[in-house]
Amino acid sequence: MNIHREVEHKKRTRWIIFINSLLIAGVIGFVLFQGSRDYTDDRATKELAQKIHTKLVELTGSDERSSSEIELIIRKVAHVVEYMILGTVLLTGIYAITGRWWLSLLLTLVVAVPIPFIDEFYYQSKAIGRSVQFFDIVLDEFGILISIIVGGINQVERKLSMMCSFRRF
């Protein structure tokens, strides 16, 4: 009777993780595609770039980088980070359902790889002040790839530590 409850509890937990992952991925997707809309007014990134530029000038005494260059770096790093988060959430959700890491890694690739192409070619091509940039797709795919590699390494490490950690009583 207890074993049956544990199995049911594990199944419920997996579904809860999967549903939460879908919700988080949906929110991330919404934010990504909202960012693809109008590029003409993005004060937050410009203000952050200006603050970083001011601090760099204060610390180094050099004005090598302009605030527009820093803004570009912030945007490109954001591409990698947001798709890395998306890949991690998808991997976690898919693993919650399949229970198999290699299958989860493969399905995450299949699901996540088309998303940057859809974002660039469908959404950004229609947005005012935006254009399709191949380098952004490369950065997005790199973020997804990092999450999959880290997830794979994490699973291999866990399996190896389980195999190597036998105790003598």
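This is a predicted model: local features need pLDDT of at least 70, side-chain atom pairs count only at pLDDT 80 or more; totals for chains, interfaces and linings use all residues.
Let me start with the overall layout. The protein chain has six helices and zero strands. Read from the N terminus, the elements run α-α-α-α-α-α. The chain has 169 residues, and 28% of them count as buried. Now take the contacts between residues at least 6 apart in sequence: 70% of these join residues at least 24 apart.

Next, the inside. In soluble globular proteins, nonpolar side chains tend to be buried together. Here the largest nonpolar core has 13 residues. Those with the most contacts inside this core are Ala 25, Tyr 83, Leu 86, Leu 90, Leu 105, Ile 115 and Ile 144. Which elements give two or more residues to the core? They are helix 1, residues 2-35; helix 3, residues 67-98; helix 4; and helix 6, residues 134-164. Helix 3 provides the largest share, with five residues.

If we leave aside its neighbours within four places in sequence, Leu 105 is in contact with Leu 91, Ile 148, Gly 151 and Gly 152.

Now the outside. Leu 103, Leu 106, Leu 107, Val 110 and Val 111 form a nonpolar patch on the surface. Together these residues have about 400 Å² of accessible area. One of them, Val 110, sits in helix 4, which spans residues 101-112. Is Val 110 buried or exposed? Val 110 counts as exposed, because its relative accessibility is 53% and the cut-off for exposed is over 50%.

On to helix 5, residues 114-124. Its buried residues are Ile 115, Pro 116, Asp 119, Glu 120 and Gln 124. These residues lie on the same side of helix 5, because they cover an arc of only 130° around the axis. As background, an α-helix has 3.6 residues a turn, so residues three or four places apart point the same way.

Last, a residue in helix 3, Glu 69. With 34% relative accessibility, Glu 69 counts as partly exposed. Glu 69 and Ala 49 are 20 residues apart in sequence, and their C-alpha atoms are 8.4 Å apart in space.

That is all I have for today.

Conventions. Residues are numbered from 1 along each chain as its sequence is written. Side-chain values use heavy atoms; hydrogens and water are left out. Patches are made of residues with over 30% relative accessible area and no salt bridge: like charges are joined within 9 Å, nonpolar side chains (Val, Leu, Ile, Met, Phe, Trp, Tyr) within 5 Å. Accessible areas come from the Shrake-Rupley method with a 1.4 Å probe; for residues, only the protein chains shown count as cover. A salt bridge is a side-chain nitrogen of Lys or Arg within 4 Å of a carboxyl oxygen of Asp or Glu. Helices (H or I, at least four residues) and strands (E, at least two) are DSSP runs, numbered from the N terminus. Buried means under 20% relative accessible area, exposed over 50%, partly exposed in between (1.4 Å probe, protein chains only). A nonpolar core is a set of buried Ala, Val, Leu, Ile, Met, Phe, Trp, Tyr and Cys residues joined through side-chain atoms within 4.5 Å. Contact means heavy atoms within 4.5 Å. The arc is that of the directions from the helix axis to the C-beta atoms.
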